[in-house]
Amino acid sequence: MKIIGAILVFISSSLLGLQNALKIKFHINDLKKICVALTILKSEIEFGASTLYEAAKIFLKTRTHLSMKYFRKLQNNLKKNQTVQKIFGSIQ
């Protein structure tokens, strides 16, 4: 009985570890997508002579994936003339 219990604890611990590793992998991928998005926004602002609002609008027209909800919120709030600090303080 003790051996069976030890095996069950080992297997369940291993599965929980694998599950957490997959979550971290997805978070890393999302962060990479956000870094690429910020690089594109920076380039659009610098070389396209666009405002942050215009760059976010252009970016949202050409990209569609889950992490873009932050940029959609950014673009909508910039339209309302809110400051970037207030906007990013409210994103969570």
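This is a predicted model: local features need pLDDT of at least 70, side-chain atom pairs count only at pLDDT 80 or more; totals for chains, interfaces and linings use all residues.

Author: What follows describes the first helix and then the chain around it. Residues are numbered from 1 along each chain as its sequence is written, and side-chain values use heavy atoms, with hydrogens and water left out.

Helix α1 has 46 residues and covers residues 2-47; helices here are DSSP runs of H or I with at least four residues, strands runs of E with at least two, numbered from the N terminus. From first C-alpha to last, α1 reaches 67 Å, close to the 68 Å expected at 1.5 Å a residue, the expected span being 1.5 Å times one less than the number of residues. Just after α1, A49 takes a positive phi of about 50°.

I7 lies in α1. I7 counts as partly exposed because its relative accessibility is 45%, between the limits for buried (under 20%) and exposed (over 50%), with a 1.4 Å probe and protein chains only.

The protein chain has four helices and zero strands, in the order α-α-α-α from the N terminus. Of its 92 residues, 17% are buried. Mean pLDDT among the elements is highest in α1 (86) and lowest in helix α4, residues 84-90 (57). The protein chain averages 76, and 72% of the residues score at least 70.

Methods:
pLDDT is the predictor's confidence in each residue, from 0 to 100.
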